[in-house]
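Here is a friendly walk through one chain. Have the viewer ready and follow along.

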Amino acid sequence: MATLAPIPHPPGWPWLGNIFDLDPEDSLKAIDAFAKQYGGIYTLTFFGNTLTIINSHAIAQELLDERRFHKSVVNNALETIRCLTGDALFTAYHGEENWGIAHRILVPAFGPASILGMFDDMYDILSQLVLKWERFGPKHAIDPADDFTRLAFDTIAYCAMSHRLNSFYTEGVPPFVAAMGSFLRESDGRASRPWFLTWLMRARNAKYEEDQRKMNELARQIVEERRANPGTRKDLLTAMLEGRDPQTGKTLTDENIMQQMITFLIAGHETTSGFLSFMMFYILSNPDVYAKLRAEVDAVVGQERMRPEHLSRLPYMTAVMRETMRLKSTIPMFIVTPFEDEVIGGKYLVKKGENLFVGVMNIHRDKEVYGEDAEEFKPERMMDGKFEALPPKAWIPFGNGQRACIGRAFAWQEAQLALTTLFQKFDFRLADPEYKLQINQTLTIKPKNLRIYATPRKDTTFNLGLAPTPSAVRPSKGTVPVETVVVDSKLKPMHVFFGSNTGSCEMFAQRLANDAPAYGFRATLGTLDSTKSEIPSDGPVVIITASFEGEPPDNAGQFVKYIEGVPGANAPFSDVRYAVFGCGNRDWVHTYQRIPKLVDATLASKGAQRLLERGEADAGGEGFFESFDDWESKLWPVLVETFGAVASKDPTAGLDVNMSAPTKRASTLRQEDAQLGTVLENKLLTKPGAIGSAKRHLEFKLPEGMSYRSGDYLAILPTNPVSSVRRVLARFNLTPEQEITISSSTPTTLPVGQPVNISDLFSGYVELAQPATRKNIEALIRRAPETGKTHDALLQLLVDYVPAVLEKRLSVLHLVETYQDIDITLSVFLTMLPAMRVRQYSISSSPLWDPTRVTLTIGVLREAALGDSQELFQGVASSYLASLAPGDRVQMAVRPSAAAFHLPADPAIPVVMFASGSGIAPMRGFMQERAAQKATGREVGKTILFYGCRSPEYDFLYGDAELASWVAQGVVEVRPAFSRATERSEGCRYVQDRVLHDREDVIEAFCRNAKFYTCGSIRVAVGVKAACMSIIEDLLKSEAHSNEHDPNVKTADDFWAKLVNERYAADIFG
């Protein structure tokens, strides 16, 4: 038995311990000094609590053995943070169920293919940083830590959650970032402070709560926006909202989703921004490194914009990044604890549950591993095989084992893209050549007071070039799972199995299965665990798998256990013919390809026939996808020859696709004139921070042969929000994949006589948000218990029908959700729902601009919760339109507006327009038409637009572009009314106020036989009429006018009626 020794410990004060040895602003300095004094392990005490800190690689190797130790989130700063992040990935306790569920759902979203798919979005955000530094000019001292924080913060929000935070367009520190920094500092302080001292700090406690509120508010906002506008992006947020754990079948709760989001927003930007900042310091402090790095960027990328294939061709940059991570890991420590009492270092006893701090930065400077120059920045130590030759666990900036950073590949690609592009564009130098590195510390670290100059390079013509990057991922030849395709009896059987956590191996396996019919094979596809008791022998077996820290993927563990456990005598797999392809990352050098190698070797050693040498792809190296392409190109000839398959010349062999008419839904719903148009553009018009509904501009390519006039409507056939469909499925215990067949003895707008997907049915054929009718409620009463709360509540709804149901917009769906004891079948529920109807929107363009294209200007309806529900009310059509992306096909038809709501045939006739909010839509079409007429030399009459909105900065639609241009061209005069900025609109709050203010112009236009148009809500129309009536009454009283007007017009009402009949048209909504 080993002789135990006490762990070294610096002297301290009674009870207070070593509290005075640490600078609260930079505690790492003292921890580093103690490491030099006391060696590989020592303890510190604070208020009676003991911290054991490990600084040597030799001892750390023991602590990183996950069979003996696991991550600790107990009695440390991470546990303090749980008040905000709960059981999210970073702060979950060991073994906590939600960690496993979330990890299995989220790992595929961080796989190589997914990360590569984020390349253009990363470049989009990076371009904002480049443009900012370019505008600053060469004499502005840049704070790289601040701007890299904005870059990383906006990047994780946009790439992972499709949410633009626009940090580069706001002054000061983003509120979330400020709250996060304050929160993390206080959390760190609370972890080492006696509870009663924290309790006494009332102001700090209030700030702590407020910081949490701000961060939760952003997370909630992002989730609510996504639920209202699901869209088609398959990002991290989609995975969390829609994903289901493959092991347990469970999903993530909304609370956990928000906690995960906050975790990603914190961890995903705080560490990457520090990494980039430290990298800039080391590069600019070492001229030889600077010169080599820039030469490599120029040689590899040159003056073109960076593409994904460049990522793996920058070995010196990779070395610079690894060396930076070695010297300044942005998370300088992580904490583990033993499962049982353990002796480490051969003589130090540590107790079960005791927190042990793994000092990453000091382990990375261990001279036993890195030599006497371990303190120096030398990228060369990470090149030419030296990195791969490091001992296990000698480079651990991303943590260890199953709790290592899930976003490693994301951060690496983001940093590499940023560094390359910045060095393409700028020359850099330190603002203070004598600057010595200082540390700003929370739970992570960043450089403090570092400033740099960025001068645009004169020796290059590089520009950002924001066109989308061609994808490096080869598209699959088909997306239909092979099990469902038409089977040719001549095809040979083939079996494709995959082991995959991130989705890459599954993607490769699907490609093989899709390609199989073209080479004469009928493929089945499954996980490795699906064949854990018998390997097929009637055809080739292709295995594609990965390793994770040397262990099998979640869906391959049972298979590996099976093949290892089968006795090797008598060649048990002698009838099996197989090939193996492995995925991995060479950064995990000691476990790289362990499972693919094990599977390959085990099968061969137990009699199986290897058809092709094992292939491999390195996710961290060059040509991850190309490696599979090369291996696949060798595989098929071997399989065809070995099994006598007949390859087809048709690349789609095995697929038989029959499509229904694209307008079938419209036809079923009796919208026979609907045709398919195409979305060309969908952009947000209102600025971030705007109050009220978001306003969007959409542009469509019209169906062939469809035409319109300015002022007409575009009828849109929408679909229900995905969240509403999910509510139906949950209420009736259905799954999205289920199909039903409907039969009806009466005419119906439902699809009858054929199988229809349940999600498609409730998405596109019925209205889910329409208020329940009295008849609906009476039917529900008949299906509710005869007595009790539900019966009484439904009766009361009948009594108070208008305020309780109509005004609150309570739908049948809401009622059957709220009262679960209503015994209602799916068929009865369907009979209560009205058919999906088209929505008409005023067209906001003119055919003189382009007769084949049309635009809409819409407000996205999202209002307060319904009754006691927490479900936001969403406008069906506006939410549908908001979710569309360029290329989407939309059922549409042009419908003519009232004859009076068109411009006069003579463009010389003056026009006066009144509108507010999205009511500007037809007016924009009118102005666009008059601009086109004026451009051809035609005389255009005076045109005035009275327009109401809240603010010139946030929701003055088209104000800073088209309206300004048309004003400058003399096409229109704009008279705004800003309800929240009246000082900018002559003191006028609403449209009617501005009309009265500019009454002389209105009178002059009337006298010149102008036509008047109103578009907006009922409130706007009433206000405009009241203002006009006031002007009319003054006119009737004036002697100058008394002899001019029609003698039959004796009152203001008569005057208004005559005006409406001859020269006034209105389009009122809401």
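The report below covers the model, a sheet, an annotated region and the domains.

## About the model

This is a predicted model, in which local features need pLDDT of at least 70 and side-chain atom pairs count only at pLDDT 80 or more, while totals for chains, interfaces and linings use all residues. Residues are numbered from 1 along each chain as its sequence is written, and side-chain values use heavy atoms, with hydrogens and water left out.

## The sheet

Let's begin with an open sheet of five strands, ordered β1-β2-β7-β4-β3 with mixed pairing. Strands here are DSSP runs (E, at least two residues), as are helices (H or I, at least four), numbered from the N terminus; two strands pair if DSSP finds at least two bridges between them. At the edges stand β1 (41-46) and β3 (69-71), each with a single partner strand, so one side of each has no neighbour in the sheet. From one strand to the next, the twist averages 35°.

Strands β4 (residues 333-338) and β7 (residues 356-359) run antiparallel and are joined by four bridges. In this pair, Phe334 stands opposite Val358 of β7. Helix α1 (residues 27-38) packs on the sheet and touches β1, β2 (49-54) and β4, contact meaning heavy atoms within 4.5 Å. The direction of α1 makes about 135° with that of β1 (axes are lines fitted to C-alpha atoms, for helices over the stretch in contact, with angles from 0 to 180 degrees between N-to-C directions).

## The annotated region

An unreviewed UniProt entry annotates residues 201-228 as "coiled-coil region"; such annotations may be inferred rather than shown by experiment. In the model, residues 201-228 are 96% helix and 0% strand, with the end C-alpha atoms 41 Å apart.

## Domains

The domain assignment gives domain 1 (80-456), domain 2 (492-643), domain 3 (668-718 + 838-897) and domain 4 (900-1040 + 1047-1068). These bounds come from an automatic or database assignment. Between the C-alpha centres of domain 1 and domain 3 lie 40 Å.
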